[in-house]
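The following exercises concern the packing of secondary structure elements. Please consult the sequence and the structure while working through each solution.

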Amino acid sequence: MSKHRALSEITRSPEFFAGCADVAARVVNGADAGEVAALLAEAGALLGADAAAFASFIKDDEAYESYRFVLACDATWCLEYESGACYMHDPWLEYTRHHAEPVLAERILARTDQERAVVDLARRYGFASAVIVPAQAPYGLTRLAALCLGSAMPDYFNNDSLSAVTFAATALALRLHEWQIGQLRQELLEHTRLSDEDIELLRHQRLGHGSKQIAKAINASSMSVDSRWQRLNAKLGVSSRVAAANLAAEYGLL
Amino acid sequence: MTNQLAKAAGHLTVLIAPALLAWAAWLDEPFLVFGAVLLVFPLARLAFGAVDETGPPAWGEGIAATLDRLPWVYSAVLAGAVLMLLSAISRSEPTMGSVAGWALSLWMTMVFATCVAHELLHRKRKADRIVGHLLAGLAGYPLLGYEHSRHHQRSGSCTSAECPNVTESVWKFAARRLGAIVHESLGARGLAVAGDSRSPAVRGLRVALTTTSASLAIFGLAAGWPGVLIYTIVIGLVSFAVQLVTYMQHWGLGDDNIEDARQGEYGWEDDCQFQAWVTMGLSIHQAHHRDGSRPYYRTSITTDSPRPPAGYVVLMFAALFPAVWRQVMAPALAYWRSQPTAPVSAGRRLACVTFYR
């Protein structure tokens, strides 16, 4: 187990960065969630962690509907965290909303009773010492992510080797983030069955083209463009073509 | 287009309750809204029948945009109606009867207001959500935003009080659920007091709490002690009514009774068209749980959802008496468990209780 080795020993190993980079490179778009969870576990072990959790969510999401996780940690914790919707009160994720710098979890204040309970639960299941690595969204999207590495040993990450760990972990977090966005994009495509023509329509809207301009570009009548928008808006469950294009952009479709 | 306009017009019925309140204030008829909701609303099923199972049309863009703004229009109408009510109370000599009447009528109006607030709280746009919190605060239930997010994220959980236990009465469930939510949001180390003000959930909760406090103060300033008394009663009754509706929507469908309750996100779906209009789709509850961000005017009823044997008003009274509730609902639950894909509709009849027997 990695916890038997000092973090300095792990990070000074000549294979440390190459090993982490190799795992990050294997997180390819289209890989299934199980494969990525296995890669996360492998990366966690290379980074000296006993447990690793990756979370991705939209910054301003008040309904908590955008939250997605890849977990490589104690199954009991995963179950309790998910069934108790602990992400609603997770101060480590809250930190990610407003900060881009990696941080030791012990430096994040748990303000409410629920936040304390979430931290206590994490500490009991492999996160006695933890480091949070935020990842900002690629392509200017508003989706954020955080990679959390945990050790059952208290203060394990609290030493001079932390910067090497966070450096390697940041690259992994960004890669996981990109993979997650790809997954969501695929989910949206499968769920809504968007056609290439639909995506073309959305692209036109993103460029600010009106019905007449679109009609000319695709060689159709304005009325037919409007009726295609009607169907597309219904398919996406949005109120307008502007909302449809924003949604598509948020999922990285455009 | 005409067909779509006719269908879209049904959604305007959501304005009936605040419009009636304004009219009641004009006429100085304290019990008008309460009486109309209890006696007339259930009869609307005779006229409008059941929700179209094929779902709403692919609305024209103009109609969709108008329906999307309807909750904002509603909020303005409600604010106007409340101002008229305050004016009416301050002008007349208060009696116990008039205070009770206004409290009951305002309660009924505000219960519907929570449905509109609920619609706004699910939206992605920040401005919509802020209006949702303001509306929830004005309706006397400022905890709605937090409570409802919790409800969706722990859907089906009986231990978290998101679903009642199958043997639990509405009274016990309401106390258990309100206790947990009040503690988590208003406790000394709860979300509203100790939470990070940059969090959207904390910000929303504080906006709603400020609105409720300001509304109480305005009722006091404008209408004296009768105003304070009326609004305080409304806060209590709306808080209870939200738990009552949750009970009606999820009884028997929690993880104490249904194996896949957490994943299945089951909810009783009443197919009464009028009820779906005036609750902004909240009564099409299972569909809402499975796609919470879908706007009310694009929500279709689930084809294999459990269907209650009567509408909300009738069931509300049944729920108050646990023995009656079980007698009415247990056969409907048994039917759904045995034949989930063959739901029964009351059509234009007021109830289909007898079918399940």
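**Exercise 1.** At roughly what angle do the axes of helix 8 (residues 144-153) of chain B and helix 11 (residues 200-250) of chain B cross?

*Solution.* The structure is a predicted model.
Step 1. Two packed helices are described by the angle between their axes and the distance between the axes.
Step 2. The axes of helix 8 and helix 11 of chain B cross at roughly 135° and come within 5 Å.

**Exercise 2.** Identify the residues at which helix 8 and helix 11 of chain B meet, and classify them.

*Solution.* 
Step 1. Helix 8 of chain B contributes Leu144(B), Gly145(B), Tyr146(B) and Ser149(B).
Step 2. Their counterparts in helix 11 of chain B are Ala201(B), Gly204(B), Leu205(B), Ala208(B) and Val242(B).
Step 3. The residues of this contact comprise 6 nonpolar, 3 polar and no charged.

**Exercise 3.** Describe the open sheet of chain A and the helix that lies across it.

*Solution.* 
Step 1. The sheet has 5 strands in the order 2-1-5-4-3, with antiparallel pairing.
Step 2. Strand 2 (68-72) and strand 3 (103-104) of chain A are the edge strands, each pairing on one side only.
Step 3. Strand 4 (residues 129-135) and strand 5 (residues 143-151) of chain A are joined by 7 bridges; Ala130(A) has Gly150(A) in strand 5 as its bridge partner.
Step 4. Helix 5 (residues 91-98) of chain A lies across strands 1, 3, 4 and 5 of chain A, at about 135° to strand 5.

Terms used
Residues numbered from 1 in each chain as written. Chains lettered and ligands numbered in written order. Predicted model: local features only at pLDDT ≥ 70, side-chain atom pairs only at ≥ 80, totals over all residues. Pairing = 2+ DSSP bridges. Helix = DSSP H or I, 4+ residues; strand = E, 2+ residues; numbered from the N terminus. Contact = placed C-beta atoms within 7 Å. Axes fitted to C-alpha atoms, helices over the stretch in contact; angles between N-to-C directions. Nonpolar A, V, L, I, M, F, W, Y, C, P; charged D, E, K, R; others polar.
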